Amino acid sequence: MKFSLSWLKEHLDTDADMQAVADCLNRIGLEVEGIENPAEALSAFRIAKVISAALHPQADKLQVLSVDAGGAPLQVVCGAPNARAGMLGVFGPAGAIVPANGMVLKVAAIRGVESNGMMCSIAELELGDDHDGIIELPDDAPVGQVYADWAGLDDPVIDVSITPNRQDCMGVRGIARDLAAAGLGTLKPLGEVYKINLSAPLEGNDPAPNVRTDDEAGCPAFYAQSVSGVRNGEAPEWMRAKLKAIGQKPISALVDITNFLSIDLGRPLHVYDRAKLHGALVARKAKDGEEIVALNGKTYALDASMTVIADDAMVHDIGGIMGGEHSGVSEDTTDVLIECAFFDPEHIARTGQKLGLTSDARQRFERGVDPAFLDDGLAIATKLVLDLTGGKASAVTRVGQAPVTPRIFAYDTDYCSHLGGVDVAPEEQRNILERLGFSVTADWHITVPSWRRDVDGPADIVEEVVRIIGLDNVMSVPLPRADGVAKPTATPAQSLERKVRRAAAARGLNEAINWSFLPQKAADAFGGGTWSLANPISEDMKVMRPSLLPGLLSAAQRNMDRGASSVRLFEIGRRYFVGADGASDERATAGIVLAGERSARNWATGKAERFDAFDAKAEAIALLKAAGVATDSLLVMDDAGAHYHPGQSATLRMGPKNILAAFGTLHPATAKAFDLDGTVVAAEIFLDAIPLKKASGFMRPAFTPPALQAVTRDFAFLVAEGTPANDLLRAIKGSDKDNIVAVRLFDRFAGQGVSEGQVSLAVEVTLQPTEKSYSDDELKAISDKVIAAATKLGAVLRG
Amino acid sequence: MSDIETLQTELITAIDSASTLEALEAVRVSALGKQGSVSALLKTMGGMSPEERQTQGPIINGLRESITSALAAKKAELETAELNRRLATERIDMTLPAPDAPRGTIHPVSQVMDELAEIFADMGFAVAEGPEIEDDWHNFTALNIPETHPARAMHDTFYFPDDMARDGQKMVLRTHTSPVQIRTMTSQEPPIRIIAPGRVYRSDSDATHTPMFHQIEGLVIDKGIHLGHLKWTLETFLKAYFEREDVVLRLRPSYFPFTEPSVEVDVGYSVINGKRVIGGAEGWMEVLGSGMVHRKVIEACGLDPDVWQGFAFGTGVDRLAMLKYGMDDLRAFFDGDNRWLQHYGFNALDVPTLSGGVGA
């Protein structure tokens, strides 16, 4: 919402300067977004008189002027046809910056003749579109004075952000009222501002226009008045200047009047050309399939939920949002109908959302205009039409009733300190409320003014009092603190996530945060996403991710494209599924991608090493360990997912069903889809599948190291090539649980000495004696069990 | 000179002149071996008379001891020399680089969330969570934002198709962390003190907006909580977070549908080396939205607003990170650029603690 300081002062009697106004606006909740003073950009431009004008010796269309800008005469080359001796204009000296194009004026030779600046056009100073010639000023303009000061352009424009609750401040007058309540000045009576007697109706003798509402829900009140015999020329300078100052283009007196009142009083109106209307003008629901070409030139398809204003022939107005092109006023308009209606805010919001159409009128109706301001609004509009375009007014048609039932409730002045934290004397509270337009009875029943739709209870009253008193007066009060030191607050799941995150970083992985949404194709390649946005910002950000890997792979690819030779990324975040109850099922997950080189080539080996699937496995196990999982007892099984290399991937499971992690080499097709060259390995830790530890106190079991030293025995077995090594290790470990405490594979060999289709697996078995050292017989017995268990798997002890 | 003395002299000379361990061993064998000269003398002691043994015994034993220790000393000397010779051949250029260990990092957003959890834990706030895919009721309606409310337009909501609706509620990507307020109030009894950090989404993308970002929500519901408590909480939190005592707040009245009164919070900054640094009051920037929880919201959660009242606040986690650590482009937060992560990321061991300071 923009307005100029002088505009504000039409309603507010105050000596306050711009800064005081801005500070006060911020203090009372009308946030100042910007202040611009057009005079600042024009401060170098002065009023100057052309002393003489002569033809340029080298150019037909140029003249050489001698200009008096308050000092010694200056030579200026000028191309404007209207430049002539004796005229007054606006001169920009060397060093001045031309607002329209940002050019810095310099002393320069133009076709061989020195020019010391420029005589300016309206367009060059961004004061209008006229660039046919240089500005011509009246003869009494003071030569040498700063032009902007003389022209009254030193009028800062304030841009205020109005929150959705404050429809009353969508007009300059409402803002003035708020400032007055905050003590910045006095609100002038409305009748005085418009020089109109609002207690006497402004009605003519012509018959009242034929309007009605058939849609009392959407348009509960429709007031209208006609004016005949108007001449729709330009609006007067004061109105045009105000509109221009806030960036609105003046169009014609009738259009400008409605635009002006919308800004000045927050009251949208519409003016129809009566010559274009046929029969009664009716507020009704649109019919499905009806269309309108709106004033913005676009065609809108309407439906039966939308309120429109139509006559016998067609729809003329999307009620409360935008008028139609057909019945809009033009230079030829002589008879007009002024509409001052009340549209239901919810209807306006829905229609506006559906049509994707926003306008000054919608912004105001949707917030809710003052329902008690139809008569005055119409009277002021009619007066302006009569004053500015002539003609004579008809009687007024008043159809329906705007919702003006007053809101009254009881208020306890103690609530101000109880909720607002600041003590304000009851009388002071009363004064503030009355200045804002509330009426307050002796026993503190409050009637809310009709223009404050947002206020509907005591908490709102506290807000009004506190914002006018100033939030600076609210003193800080510590929250009560529980006894003792702060208690731990993290849930087990939060602690687990923190541990995994820090463990991953400690292992050399870099934490990334990737978008939660993926392109459809990427989601499909990773099991498919169930949540697909109806209004994605782009097709690349459409489906809520079913896996963290696509985001990490894209990030890895971007890094590779930037020349990285090694990428170690991880992310902890959610995957999105649908739960049995239809709600979102969001599962905490850690994803890891390792791409490129595990180690760069170096002087020791001369070679770079690339990541392989076991790097992914190592990360998966390390992070599961950090999460408190006993990883030794996990099952290693297939089915990591189609995005992995089928022969170089696996899952880690706690029991055959509960998958805690998947890892492996990425499927070459997947890597290719992400434009990644070479081997890429990945792991996913399904944090939600990890059973959370129950708190069991801090006491650890007693430390009881074995009294006797452990012994190790080595075995080598031949097994069929496809036999999982882990099966052999588990079998051996289980062969004598009393004695075998660890089994470790230390060699795997195929080739010379091992027949085709077989591999040799060498295993170190650790035995822990308890009572006494092993005898040879005991060692032999254990050995036999190990061999028997291995043999059961088809393994053959190597001689 | 007796024979023994002569023998001793000869052996000592031989030991001294042995230049290798093998030569020394030969001397040892010649003296102390089974056929050795000293061994032969020792054997003669068996045939001596007691008187003779009394005089000769110490002499012969003395010979043996002196030869033994001379051998040991020479052996040690030769071994040391040998070791030194070998070590001299084992010299390595220690300026060669050691194997690289990759440096891992924690993302600034995670680090800041941990910092916030630590600070608010000291004020008695637990960390609450909620779904990012929310229903319309939790994201809007329960927060006093009905369907036609103009505030909805401010939110640039991402929607899911109607066939994903649940119990007639349209599903959306949460536009703020405020629905966690609702989930907390409907699932636990007051008094409540929580913060709720997490991802939020708005259909907005430019230099300073990304369609996904992070917010943190705070909620206190208790008896007799007022604006003064809110002001204190925010001041205390910001001072602790920025680890500066000169943090100054400016509260401005504002509007959020779910709070009444609503307060926007600006924090003062100073300009140091062309960068805005929190602290002082050379200028103001908006950092927080807050207010007293609206009665309708408390009612919607099944609590009695005449008994329970409190405040809520929300702010951007990414923004807090930028203000403290100086990043200036939000988009880079979500790009996964290794160079950026190495530059702005945190060491795994920089766990925020109150005793060690929450900042790193």
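Reader: Which residue just after α15(A) takes a positive phi, and about what value does it have?

Author: Just after α15(A), the residue with a positive phi is A:Gly508, at about 95°. Do keep in mind that we are reading a predicted model.

Reader: Which residues of α15(A) are buried, and what covers them?

Author: First the general idea: an α-helix has 3.6 residues a turn, so residues three or four places apart point the same way. In α15(A), the buried residues are A:Leu496, A:Val500, A:Arg501, A:Arg502, A:Ala503, A:Ala504 and A:Ala505. Their cover includes β27, β30, β31, α18 and β36 of chain A, together with α5 of chain B.

Reader: And α17(A): why is it described as largely enclosed?

Author: Eleven of its 13 residues are buried, so α17(A) is largely enclosed by the rest of the structure. Among the buried ones are A:Leu552, A:Leu553, A:Ala556 and A:Met560. They pack against β28, α16, β30, β31 and β36 of chain A, along with α12 of chain B.

Reader: What is A:Ala556 in contact with, beyond its neighbours within four places in sequence?

Author: The general idea is that nonpolar side chains tend to be buried together in soluble globular proteins. Here, A:Ala556 is in contact with A:Val567, A:Leu569, A:Val593, A:Ala595, A:Leu676 and A:Val680, its neighbours within four places set aside. A:Ala556 is also one of the residues with the most contacts inside the largest nonpolar core, which has 253 residues; A:Ile338, A:Val500 and A:Val593 are the others named there. A second, separate core has 30 residues, including A:Cys78 and A:Leu153.

Reader: How should I read the sheet with β38-β39-β37-β40: which pairing does it have, parallel or antiparallel?

Author: Strands of a sheet pair through backbone hydrogen bonds, in either sense. This open sheet of four strands in chain A has antiparallel pairing. Its edge strands, β38 and β40 of chain A, each pair on one side only. β37(A) and β40(A) are joined over two bridges, and A:Leu718 stands opposite A:Val796 in β40(A). Helix α20 of chain A packs on the sheet, touching β37, β38 and β39 of chain A, with its direction at about 150° to that of β38(A). Helix α21 of chain A lies across β37, β39 and β40 of chain A and runs at about 20° to β37(A).

Reader: How many residues of each chain meet where A and B touch?

Author: In general, the size of an interface is often given as the accessible area lost when the parts come together. Counting contacts instead, 67 residues of chain B meet 74 residues of chain A. The largest share of chain B's side, seven residues, comes from α9(B). That side divides into 36 nonpolar, 17 polar and 14 charged residues.

Reader: Where is A:Ala534 found, and what does it contact in chain B?

Author: A:Ala534 is in the loop between α16 and β29 of chain A, and it is in contact with B:Tyr159, B:Phe160 and B:Pro161. With 15 other C-beta atoms within 10 Å, A:Ala534 is partly exposed.

Note on methods: Residues are numbered from 1 along each chain as its sequence is written. Chains are lettered from A and ligands numbered from 1 in the order in which they are written. This is a predicted model: local features need pLDDT of at least 70, side-chain atom pairs count only at pLDDT 80 or more; totals for chains, interfaces and linings use all residues. A nonpolar core is a set of buried Ala, Val, Leu, Ile, Met, Phe, Trp, Tyr and Cys residues joined through C-beta atoms within 7 Å. A residue is buried if 20 or more other C-beta atoms lie within 10 Å of its own, exposed if 12 or fewer, and partly exposed in between; C-beta atoms are placed from the backbone. Two residues are in contact if their C-beta atoms, placed from the backbone, lie within 7 Å. Ala, Val, Leu, Ile, Met, Phe, Trp, Tyr, Cys and Pro count as nonpolar, Asp, Glu, Lys and Arg as charged, and the others, Gly among them, as polar. Two strands pair if DSSP finds at least two bridges between them. Axes are lines fitted to C-alpha atoms, for helices over the stretch in contact, and angles run from 0 to 180 degrees between N-to-C directions.
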